[in-house]
Amino acid sequence: IEVQAVNDPPVINAIPEQEATEDVEFTYQVTATDVDSETIKFYADNYPTGFQIDLDTGLITWTPTNAQAGQQYTIPIYAFDEDDAISDPVDLVINVIAVDEGPKVIQPFENESFTEDTSLEINLSNYFFDEEGDTISYTAALTDEYGDLEDKEIISTNINVNLLTITGLENQFGSQYLQITATSSGGSLPSNVFKITVINDD
């Protein structure tokens, strides 16, 4: 009796359910065995954008985005040997944890100027946003050019929701630096320091 050898496909070792965090690189090492001691390679199916698995090592890397936060992904993982015998799939289940990161900058503030005894309006929603859609509140601070608080006052500020109104004080003109801080449930973020110039209208 002659017993013919049969090539058996690799077997992937069990993969426990995983957690990944938004904007943080996730890694996982897939392993498999092959009774025929052949070289094993790996691939995945139905995976999310940005997900990668190394063909030769089975190392998975992925940095979930804000759009992927709060989702659960089930990703079939396969192994195959030198004779292209393919394993049964093993599901990798990843739960993506959302992180509230607070406000982010859309664009820096530019230096502005206006005439004495008038006012200037700036829509702050053009400068900050929150990826999670949380409400942003704002504060304004009169500073020097380095962002340190300053007693000098030639302007006053008022913020109504997203609208910053800057008004020149009576008979005051010259330059004043300003810094806006945006705050949401995820934290606070100061803007760049920018210069407001009040022009003498005489």
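Visitor: How many helices and how many strands does the protein have?
Guide: This is a predicted model. Its secondary structure is made of strands, with no helix among them. The count is zero helices and 19 strands.

Visitor: What is the radius of gyration of the protein, and why does it point to a spread-out form?
Guide: For 202 residues the globule rule gives 17 Å. The protein is well over that, so it is more spread out than a compact globule. Along the principal axes, its C-alpha atoms fill a box of roughly 115 × 25 × 20 Å. The radius of gyration is 29 Å.

Visitor: Which residues have the most contacts inside the largest nonpolar core?
Guide: This core has 23 residues. Another core, of 20 residues, lies apart from it and includes Y127 and F194. In the largest core, the residues with the most contacts are V30, F51, I60, I77 and I94.

Visitor: Over how many bridges do β12 and β16 pair?
Guide: Strand β16 covers residues 163-168. Its residue L164 has I122 standing opposite. The two strands pair in the antiparallel sense, and the number of bridges is five.

Definitions and conventions. Residues are numbered from 1 along each chain as its sequence is written. This is a predicted model: local features need pLDDT of at least 70, side-chain atom pairs count only at pLDDT 80 or more; totals for chains, interfaces and linings use all residues. Side-chain values use heavy atoms; hydrogens and water are left out. Two strands pair if DSSP finds at least two bridges between them. Helices (H or I, at least four residues) and strands (E, at least two) are DSSP runs, numbered from the N terminus. A nonpolar core is a set of buried Ala, Val, Leu, Ile, Met, Phe, Trp, Tyr and Cys residues joined through side-chain atoms within 4.5 Å. Buried means under 20% relative accessible area, exposed over 50%, partly exposed in between (1.4 Å probe, protein chains only). The radius of gyration is taken over C-alpha atoms; the globule rule is 2.2 Å times the number of residues to the power 0.38.
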